[in-house]
Amino acid sequence: MTTVSIALVYPDLLGTYGDGGNATVLAQRLRWRGFDARVVTVTAGEPVPDSCELYVIGGGEDLPQALAASRLVVERPLHRAVDSGAVVLAVCAGLQILGERFVAPNGQAADGLGLLGCVTMATKNQRAIGEILVQPSAEWAAHGLTGPLTGFENHGAVTELRPGTHPAGSVIAGIGNQDGSVEGAVKGRVWGTYLHGPVLARNPKLADMLLTWAVGDLAPVDDAEPRDLHAERVQNGPVERRLGGVPAEHRRPWSRSRPWVRSRPWPRTGPSYRTQRSTGT
């Protein structure tokens, strides 16, 4: 039996909000289907292998983000892996460093890996914090990814996409890349997103799409529990948010057709609303 390797890259630097759990989700969903799957945890200072089938990179604060980027830019293991057909999931700070440029701790632009055609810049807008819902772009429907993606975002910079890089989807509620219009960046088999959660625990269809890219067609599994979690997050999701927030008098009332829009704000509790002094968390 062929072993499928999932590299968890620098979780000691880029491990905010349990993003490393995405690697666990990928491995378990492979095992349920009879695959031999292993998670290769690569901490800072260790060489990142370039022969894994999947790579997971999480979020982090400014200094760890810059340190991780400096090593990955010089050693280029992800470039070699992507050139060989590997699938990459990059969350928040991970998304930013896989782009062309991101914000360094000194506020200046720093070079990213260039695996995604996007640029992340500082902004004077309010920090994007809270639950977020995203409608995947129509092009992913052919891969089985339909219905809203759920997660929470916490970032203080904005990301603009370049030609050739597509958004993961359109924002239903939240801020996303910049202004509440689109979220994420996708190019080839590299999927970048601002959704924490971990995003793959909340969105098993996204996990299966990435796995299909890596290993081909997958057998069905009993997803009753993940479906219930996903439905609960959609049903009890955030009020519609845009930059600066939506005044209470302008919020839409509850709608059965849009159950994620509520007449009262999502309770600001838990890690979703933990503000950190960074652009990439």
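The legends below describe close-up views of a predicted model.

**View 1. Helix 2 and its buried face.** Helix 2 runs over residues 62-75, and its 14 residues reach 20 Å from the first C-alpha to the last, close to the 20 Å expected at 1.5 Å a residue. Five residues of this helix, D62, Q65, A68, A69 and L72, are buried. Seen down the axis of helix 2, these buried residues fall within an arc of 130°, so they line one face of the helix. L63 and V74, by contrast, lie on the other side of helix 2 and are exposed.

**View 2. The surroundings of helix 2.** The partners against which the buried residues of helix 2 pack are strand 1 (3-9), helix 3 (77-83), helix 4 (93-98) and strand 5 (101-103). After helix 2 comes R76, a residue with a positive phi, near 60°.

View 3. Most residues other than glycine have a negative phi. Y17 is not a glycine, yet its phi is positive, at about 60°, and its place is in the loop between strand 1 and helix 1 (21-31). The relative accessibility of Y17 is 14%, and because buried means under 20%, Y17 counts as buried.

View 4. With a relative accessibility of 0%, C92 counts as buried.

**View 5. The cis peptide bond at P198.** Most peptide bonds are trans. The bond from G197 to P198, however, is cis, and its omega is near -10°. P198 itself is found in the loop between strand 14 (190-193) and helix 5 (199-202).

**View 6. The second largest pocket and its lining.** About 170 Å³ of space lies in the second largest pocket. The residues that line this pocket are L145, T146, G147, P148 and L149, together with N203, P204, K205, D223, R227 and H230. Helix 6 (204-215) and helix 7 (224-235) are the elements that give two or more residues to the lining. Sorted by class, the lining of the second largest pocket holds four nonpolar, four polar and three charged residues.

Key:
Residues are numbered from 1 along each chain as its sequence is written. This is a predicted model: local features need pLDDT of at least 70, side-chain atom pairs count only at pLDDT 80 or more; totals for chains, interfaces and linings use all residues. Side-chain values use heavy atoms; hydrogens and water are left out. On a 1 Å grid over the protein atoms alone, a cavity is a set of points where a 1.4 Å probe fits but cannot get out, and a pocket is an open set with protein on both sides within 12 Å along at least five of seven lines; lining residues have an atom within 4 Å of a point. Grid points are joined across faces, edges and corners, and a volume is the space filled by probe spheres set on the points. Helices (H or I, at least four residues) and strands (E, at least two) are DSSP runs, numbered from the N terminus. Ala, Val, Leu, Ile, Met, Phe, Trp, Tyr, Cys and Pro count as nonpolar, Asp, Glu, Lys and Arg as charged, and the others, Gly among them, as polar. The expected span of a helix is 1.5 Å times one less than its number of residues. Buried means under 20% relative accessible area, exposed over 50%, partly exposed in between (1.4 Å probe, protein chains only). The arc is that of the directions from the helix axis to the C-beta atoms. Contact means heavy atoms within 4.5 Å.
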